[in-house]
Amino acid sequence: MIKIEHLSKKFGDLEVLKDVTVEIKTGEVISIIGPSGTGKSTFLRCINLLDRPSGGSIRIDGVDILDPKSDVPKVRQKMNMVFQSFNLFFHLSVMDNLTIGPIKLLGMSKVDADRKAMDLLKLVGLAEKAESYPDELSGGQKQRVAIARCMAMDPKIILFDEPTSALDPTMVSEVLSVIRRLAKAGMTMAIVTHEMDFARDVSNRVLYMDDGVIYEVGTPEQIFDNPQKEKTRTFINRIRSFSYHIASPDYDLYAMNAEIETFCDKQILPVKTRQNLLLLVEEMLQIYNPLLSTVLLDINLAYSEKKESLEVVFESTGEAINMLDKSLLPDELGLTLIQSVTESIDYQRVNNKNRVTLILKKK
Amino acid sequence: MTIQTKKEATALIVTITGRMDAVTAPEYEKKFSELITAGETFFIVDFEQVDYISSAGLRVLLATAKKVKGVSGKILLANIKGGVKEVFDISGFGTLFPMHDSLASALSASGC
Amino acid sequence: MKYRLIFIVAVCLLCSGFVSKPLTSLDDLRDKRIGVLLGSVHDRYASSTYPHASILQYKSPSDLVLGVKSGKVDAAIYSYDELMELLRLHDDLAIIGDALFSTPIGMGFHRDNNELRHEFNSFLKQLRSNGQYDSMIRYWMTGHAVKMPKLQQSADGKSLVVGIVSDNGLPFNVVIDNRMVGFNIELLERFALYSGRKIIYRDLEFSNQIAALQSKKIDMCAAVMSITEERKKKIAFSDPYYEQAANMFALKKNIAVSNVVSKTRQKGKSVSFFESVANSFQSNIVQENRYLLILEGFKTTVVISVLSTLFGTFLGAIVCFMRMSSNAILRMLAQTYISILRGTPVLVFLMLIFYVVFASVNIDPVFVSVIAFGMNFAAYVSEIFRSGIESIDKGQTEAGIAMGFTKVNTFLFIVLPQTVQRILPVYKGEFISLVKMTSIVGYIAVQDLTKASDIIRSRTFDAFFPLIMVAVLYFLISWFLMLGMEYAERLANPKLKRKKIINA
């Protein structure tokens with residue numbers, strides 16, 4: 001349905017999109033992932049000409065929309081966009097937000113538009129908010145209304161520009177479930193998102209964008225479980241992992257704890273797992289304390305959803321030494337606690353570094 | 001972490017709120033030293049509001065208990081529950097200290 | 001504390017000492033405060049004859065008299081004949097010393113308008129020869145008339161725009177019963193009959209009459225103007241039609257000569273506050289149907305206010321559009337317009353437009369007022385619009401465009417309604433400011449509410465009542481407009497409407 005060839009976009013001297021070629025077929029759901037600032041949003045905004053491309057071509061159902069003679073507003077009516085900042089019309093009620101497009105652009109009668117709007121609101125679960133105003137809604141509700149507003153125009157494709165990035169984690173799921181339902185109903189969608197699980201669930205294809213080009217493309221399984229190219233792999237891993245670097249004995253335990261807790265939130269780990277993890281890290285750091293003034297320590301957390309396991313790696317520089325060696329410990333208290341929360345503890349000397357790998361017990 | 005004290009007959013009830021970890025343990029140790037120096041000998045430590053304890057916290061408890069014994073005093077622990085209880089059990093500290101399920105039972109056991 | 005009290009008492013005594021020192025002769029005014037009519041021969045005379053005195057220049061004769069009566073000046077100079085009429089009405093004023101000087105009075109014309117001037121001179125000759133002139137002098141000057149004689153109404157001929165000073169004073173001209181009355185008026189109406197013209201009066205300040213002649217805003221000046229060499233350089237005069245002296249006058253109680261009269265203070269019964277209010281009401285509003293003047297002025301003020309607002313808002317929208325355009329030239333033009341209009345006092349701008357831009361054009365001053373106020377209003381409105389538009393977050397515009405609205409429609413349906421909602425409070429304030437600003441149109445001879453009070457004041461010399469009344473009227477206008485705008489605000493903001501329903 002949409003054929004994009006050699007798309008490029010420059011903002012002044014900055015080349016944000018270099019050479020993007022992709023085809024989006026009817027009924028497809030494609031997710032676009034990648035590091036921030038690599039042109040994902042710009043790419044999406046070029047498709048509906050919110051930003052004008054510097055080069056390349058975009059054909060929608062065979063029509064070249066970059067042709068100066070084409071009726072761009074008309075083309076846009078068949079596409080629609082959901083924004084990160086919702087962008088509801090503040091002066092209109094929810095109902096009016098949904099009906100203004102159909103009435104003014106599609107020539108629908110008020111009665112028909114109202115009826116359709118109510119149906120859509122029921123679909124997204126917000127029928128009771130029909131007469132409310134945007135400033136009376138929560139973020140998740142606003143976004144669901146925004147999605148309903150898009151659907152009211154009967155679009156052929158909906159573009160989602162980081163739809164959940166501005167939402168409280170508690171409201172992310174309600175919006176994602178609406179998008180999931182749309183996907184199931186067969187709506188063609190292009191979604192720029194950071195929600196990896198969601199992207200994996202809902203897409204037919206995943207585009208990994210980096211540096212202004214489509215770096216790798218494939219099915220969710222291919223991209224998430226088996227990324228071929230290096231940059232993709234690094235990216236996928238980074239999302240799943242957490243690193244902390246300690247260079248002195250005066251590290252801030254609470255600052256690190258806060259980052260660990262954020263990581264746990266993102267992976268939606270149960271409270272018990274989180275508590276055990278914090279205990280584990282603190283006990284390990286206590287054991288390493290004598291070394292901290294002379295060595296550098298890297299802590300790495302990696303969570304595998306598939307295996308449902310949380311791996312904690314402590315890597316320290318300096319001469320070969322295993323701090324967990326009982327003969328080196330003043331008492332066994334710390335070690336006992338560590339052992340109680342881990343499934344396995346492994347020591348290896350790798351790349352001139354001491355690596356201790358611990359795997360947290362499941363539940 | 002906050003430490004509050006309240007006199008109840010001859011016992012001093014010490015209520016701890018928050019975490020007992022490597023960062024907060026020294027505070028606990030210092031507070032108890034002050035109380036012992038002030039002449040208190042009978043302590044009931046209330047763990048109701050404690051949500052986390054690590055080896056650092058346990059070690060300080062042990063050191064404090066030794067000091068209390070040194071002045072022929074007594075130390076009872078009350079309301080240890082949840083994750084904190086697990087840590088006590090795993091580390092074996094559960095058998096080291098007399099532990100009570102409630103303040104009331106701790107008070108009655110002390111013969112007040 | 002005690003010392004402060006003593007100090008205050010001492011100052012009061014000193015001041016009263018200064019004031020109560022009576023004037024015995026003209027010489028005493030050497031170092032005092034003297035009032036004159038701005039731009040008159042008295043003005044020039046006072047500055048040169050009393051170099052050490054403070055000369056206060058008043059814009060209208062009634063303000064001059066008020067200045068004397070309220071003690072703002074120690075004495076003032078005015079024309080003999082008018083003073084005589086004044087003294088008959090106000091027994092608290094008196095002349096000091098003899099006549100200061102005397103000058104001939106003539107009608108003023110544009111230097112190049114020889115035809116009209118010759119015509120008037122012929123008319124004057126005829127008037128003198130057939131005895132009409134003498135009977136007019138007897139009627140007005142000697143006879144102290146206050147009513148216009150019955151004259152044949154001139155047919156609708158060519159118009160003759162004549163500049164007058166409406167509160168000059170009898171015997172020459174004054175407003176009684178809402179119409180012009182006096183020697184000059186009779187003279188002018190006879191001339192109108194003679195020359196087959198229809199007279200249109202323009203009530204301008206004395207100091208603006210010459211400029212008005214030069215810019216052809218008026219064809220003739222009948223402001224009881226002395227013929228002087230200096231003035232002859234700028235305008236042409238008819239043959240003199242009167243010779244007039246100038247005298248110094250002051251409050252009787254300040255003049256040593258009329259000691260006897262001044263000793264008796266408030267003669268008659270003391271009036272209670274309410275009685276004096278009732279009297280004021282009677283003389284300022286009821287007498288001579290003066291309330292009609294007020295009504296006329298009220299209508300004019302409302303008309304100018306409303307039209308200026310409409311024009312200004314419309315023009316402001318255009319300027320705002322230019323200001324926000326991507327074209328650098330349009331932007332610059334708009335920015336220049338805004339800074340000039342906001343940086344110039346409205347009065348100055350109004351007079352510029354009237355006397356300079358529309359010079360030599362016979363144009364209705366009300367129309368000029370609407371243009372001037374509208375242009376000024378537009379400068380403020382455009383900035384208000386712009387701040388309103390910029391305060392709407394761009395995301396909503398993007399959403400509208402993404403949905404398929406054209407840029408124009410996105411603006412109309414999404415940005416504009418919210419902008420209007422946001423700017424209404426500030427706009428309200430500017431609008432009411434404008435209404436009050438219109439009080440200066442008297443400068444270009446428009447008879448609005450403020451001018452009406454000036455005219456009444458010139459008759460009753462009562463400062464308090466007309467001013468308070470007009471202030472109240474302006475307040476009422478503002479108040480009703482405020483109510484109207486608040487109603488509009490409620491309509492524009494549907495949420496307020498809804499809250500009303502919930503609370504009802």
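Two residues are said to be in contact here when heavy atoms of each lie within 4.5 Å of one another. Everything below refers to a predicted model.

**Where chain B meets chain A**

By that rule, the contact between these two chains draws 18 residues from chain B and 16 residues from chain A. The area buried between chain B and chain A comes to about 1,300 Å², and carbon and sulfur atoms give 57% of that area. On the side of chain B, the three residues B:Y52, B:R59 and B:I90 supply 34% of the area that this chain buries against chain A, which is more than any other three residues supply.

In a salt bridge at 3.7 Å, N to O, the side chain of B:R19 meets that of A:E282. The elements of chain B that give two or more residues to the side touching chain A are β3 (42-53), α2 (55-70) and α3 (82-91). Sorted by kind, the residues on this side of chain B divide into nine nonpolar, four polar and five charged.

**Salt bridges in the model**

Side chains of opposite charge can pair when their charged atoms come close. Over all chains, the count by this rule comes to 34 salt bridges. The table gives some of them, with the distance between nitrogen and oxygen.

| Salt bridge | N to O distance |
|---|---|
| A:R45 and C:E398 | 2.8 Å |
| A:R274 and A:E261 | 3.0 Å |
| C:K232 and C:E229 | 3.6 Å |

The salt bridge of A:R45 with C:E398, whose closest N and O atoms are 2.8 Å apart, crosses between chains, from helix α1 (residues 40-47) of chain A to helix α16 (residues 394-403) of chain C. Are these two partners buried or exposed? A:R45 counts as buried because its relative accessibility is 16%, whereas C:E398, at 22% relative accessibility, counts as partly exposed.

The side chains of A:R274 and A:E261 meet in a salt bridge at 3.0 Å, N to O. This pair links distant parts of the chain, with A:R274 in helix α11 (residues 271-288) and A:E261 in helix α10 (residues 253-267) of chain A, 13 residues apart. A:R274 is buried, with a relative accessible area of 18%, while A:E261 is partly exposed, with a relative accessible area of 30%.

In chain C, C:K232 forms a salt bridge with C:E229. The two residues are three residues apart in helix α9 (residues 229-232) of chain C, so they are separated by about one helical turn. C:K232 counts as partly exposed at 42% relative accessibility, and C:E229 counts as exposed at 57%.

**Strands in chains A and C**

In chain A, an open sheet of four strands has the order β2-β1-β4-β5, with antiparallel pairing. Its edge strands are β2 (14-24) and β5 (63-64), each of which pairs on one side only. Strand β1 (residues 2-11) and strand β4 (residues 55-60) of chain A run antiparallel and are joined by five bridges, and A:I2 stands opposite A:I60 in β4(A).

In a regular strand the side chains alternate between the two faces of the sheet. In strand β9(C), C:M220, C:A222, C:V224 and C:S226 point one way and C:C221, C:A223 and C:M225 point the other way, and all are buried. Strand β4 (residues 93-109) of chain C is joined to β9(C) by four bridges and runs antiparallel to it, with C:I105 standing opposite C:S226. Strand β5 (residues 158-164) of chain C is joined to β9(C) by two bridges and runs parallel to it, with C:G163 standing opposite C:C221.

C:T410 has its place in helix α17 (residues 407-437) of chain C. Which residues does C:T410 touch, not counting residues up to four places away in sequence? C:T410 touches C:T397, C:G400, C:I401, C:F405 and C:V415. C:T410 counts as buried because its relative accessibility is 1%.

Conventions: Residues numbered from 1 in each chain as written. Chains lettered and ligands numbered in written order. Predicted model: local features only at pLDDT ≥ 70, side-chain atom pairs only at ≥ 80, totals over all residues. Heavy atoms only, no water. Buried < 20%, exposed > 50% of the residue type's maximum accessible area, 1.4 Å probe, protein only. Buried area = accessible area lost by both parts, 1.4 Å probe. Salt bridge = Lys/Arg side-chain N within 4 Å of Asp/Glu carboxyl O. Nonpolar A, V, L, I, M, F, W, Y, C, P; charged D, E, K, R; others polar. Pairing = 2+ DSSP bridges.
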